[in-house]
Amino acid sequence: MTRVLRYFLFFAVLWLSVGVAVAQEGEQIRGLHKVKKKETIFGISRMYDITIEQLMKANPEMSTPGYELKKGAVLRIPFSTLQTEVPVAKPAEEEDADDMRKRAIRLGVMLPLHDINGDGKRMVEYYRGVLMACDSIKKLGISVDVHAWNAAEDGDINKILSDENAAKCDLIIGPLYSKQMSAMSAFVEKHKIKLLIPFSINAPQLADNKYIYQVYQSHTVQDDATIEHFVKGFKNYHTVIIDCNDSTSQKGSFTSALRRQLEQENMELSITNLKSGESDFSKAFSRTKPNVVILNTGRSPELGIAFSKLNGLKVTDPDLVINMFGYTEWLMYTRAHLENFYKFNTYIPSVFYYNPLSASTKRLQQKFRWNFHTDMQNSLPRFALTGFDHAYFFLTGMHREGKMFLGEKSNMEYVQTPLQFERYGNGGLRNHTQLFVHYTPDSRVETIKF
């Protein structure tokens, strides 16, 4: 086959694969867009660097009276009129060099990588997890070119960004500090590089920079999602909220919001106190419906007292059906409360689940020990496993979909931290996956992802 013929076939397939078509009045269409929840006409036009008028011209139905943009609608995306003709295709050699599906993915890590303080030690462990992911995906035929910089809190982030290797990255993981976000946001937008923010920092740039991905979810976002799924999952239950008299508790906002939602849904609810006598405590529970119990504290001592009172209640009324609904902190209390978690069919909302008994977790912990001659830090979540999941998710996704990868897949493998991103307004993307960690009465642990 001659070089000219190969060239022709390559671009014939390329244009077909991206769905090029002809719209009204011969206008060239560069692809299709499926509308997601909360997207707007303005946001979609900005996403593709076109005007609202261009978008409406390519989709005449948008001009009909009463038209509403709905989730699931498929829109035709035109080329910008700033382009006088369809873009000239690059030579095959240039396309291959720029297509990360056909070359090594260039990964940059910009985190405090030092042993001076806790931040550095935690991020070194996270980075080691990233390296383990790079090693793991070799068997999938994926190559990764890794560059790492010590982006310390008192360091000069602009000096790091001036390194010529930084601008060549396909993906940068970082930063850890909010004060570095402004420079990094401008940098990745200029060079069209994906930026993964792995931990909880203030990143207002997410609202208008489409290259930013943020894993962290605020407590408000988590609480709203938890309440939504609580109402769906326990619709036919009687909810019992126990006041634990903990003046230091930060859970009041959650239980208050949950009460409002339960009342709005006309779901049964009662309130009791951890100090109530046996008779008053018992009256809070339904005998005709299964009960689900929520404390207004996440602390272990109060949890222990609550389990003691619930066990006493079951002795006097063994037919009473009681489920427990907890908080992420409870995942740290398994040594003290595991049997009661099982007994009371406990559900714990979380954005991660560290399962030390799973084969994949054991394998990675052993591999970490072999490679780095130390154990992972005893923390929840495990930082090395977090780094592994983040890197594995993005690198396999980018190898599969190239620059089109947005992290929206929900069925990708994970060890500890599930990821699934959705567009945040008209800006970047934010992880919205959460779990219910369920301790079943037959002594199993399952995760329910939503």
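These legends describe close-up views of a predicted model. Residues are numbered from 1 along each chain as its sequence is written, and side-chain values use heavy atoms, with hydrogens and water left out. Because the model is predicted, local features need pLDDT of at least 70 and side-chain atom pairs count only at pLDDT 80 or more, while totals for chains, interfaces and linings use all residues.

**View 1. Helix α5 against helix α14.**
Helix α5 covers residues 118-136 and helix α14 covers residues 383-401. Helices (H or I, at least four residues) and strands (E, at least two) are DSSP runs, numbered from the N terminus. The two helices pack at an angle of about 40 degrees, with their axes 7 Å apart. Axes are lines fitted to C-alpha atoms, for helices over the stretch in contact, and angles run from 0 to 180 degrees between N-to-C directions. The angle makes α5 oblique to α14; angles under 35 degrees count as roughly parallel, over 145 as roughly antiparallel, 65 to 115 as roughly perpendicular and the rest as oblique. The crossing of α5 and α14 is right-handed. A crossing is right-handed if the near helix is turned clockwise from the far one by less than a right angle, and left-handed if anticlockwise. On the α5 side, the contact (heavy atoms within 4.5 Å) is made by Arg122, Met123, Glu125, Tyr126, Gly129, Val130, Met132, Ala133, Cys134 and Ser136. On the α14 side, Phe383, Ala384, Thr386, Gly387, Phe388, His390, Ala391, Tyr392 and Leu395 take part. By class, this contact has 12 nonpolar, 5 polar and 2 charged residues. Ala, Val, Leu, Ile, Met, Phe, Trp, Tyr, Cys and Pro count as nonpolar, Asp, Glu, Lys and Arg as charged, and the others, Gly among them, as polar.

**View 2. Tyrosine 126 and its ring partner.**
Tyrosine 126 of α5 and phenylalanine 199 are one of 26 aromatic pairs in the structure. Rings of Phe, Tyr and Trp (its six-membered ring) pair if their centres lie within 6.5 Å; planes under 30 degrees apart count as stacked, over 60 as edge-to-face and the rest as tilted. The pair of tyrosine 126 and phenylalanine 199 is edge-to-face, at 5.3 Å centre to centre and 65 degrees between the planes. Phenylalanine 199 lies in the loop between β7 and β8 (212-214), so the pair ties together parts that are 73 residues apart in sequence. Tyrosine 126 has a relative accessible area of 0% and is buried; phenylalanine 199, at 17%, also counts as buried. Buried means under 20% relative accessible area, exposed over 50%, partly exposed in between (1.4 Å probe, protein chains only).

Phenylalanine 254 and tyrosine 327 form an edge-to-face pair, with 5.9 Å centre to centre and 80 degrees between the planes. Phenylalanine 254 belongs to helix α9 (residues 252-264) and tyrosine 327 to the loop between β12 (322-325) and α12, so this pair joins parts that are 73 residues apart in sequence. Both residues are buried. Ring pairs link Phe254, Phe307, Tyr327, Trp330, Phe341, Tyr342, Phe344 and Tyr439 into a cluster.

**View 3. Helix α11 against helix α12.**
Helix α11 (residues 300-316) packs on α12 at an angle of about 45 degrees, and the axes are 11 Å apart. That angle makes α11 oblique to α12, and their crossing is left-handed. Ser300, Leu303, Gly304, Phe307 and Asn311 of α11 meet His337, Asn340, Phe341 and Lys343 of α12. The residues of this contact divide into 3 nonpolar, 5 polar and 1 charged. Phe307 and Phe341 also belong to the ring cluster of the previous view.

**View 4. Two cis peptide bonds.**
The bond from glycine 174 to proline 175 is cis, with omega near -5 degrees. Proline 175 sits in the loop between β6 (171-173) and α7 (181-191). Another cis peptide bond joins leucine 380 and proline 381, with omega about -5 degrees. Proline 381 is in the loop between α13 (359-372) and α14.

**View 5. Two residues with positive phi.**
Lysine 192, in the loop between α7 and β7 (194-197), has a positive phi of about 55 degrees although it is not a glycine. At 59% relative accessibility, lysine 192 counts as exposed. Asparagine 345, also not a glycine, has a positive phi of about 50 degrees. Asparagine 345 lies in the loop between α12 (334-343) and β13 (347-350), and counts as buried at 14% relative accessibility.

**View 6. The surroundings of threonine 417.**
Threonine 417 is found in the loop between α14 and β14 (421-423). Threonine 417 has a relative accessible area of 8% and is buried. Leaving aside residues up to four places away in sequence, threonine 417 touches Val351, Phe352, Thr386, Asp389 and His390.
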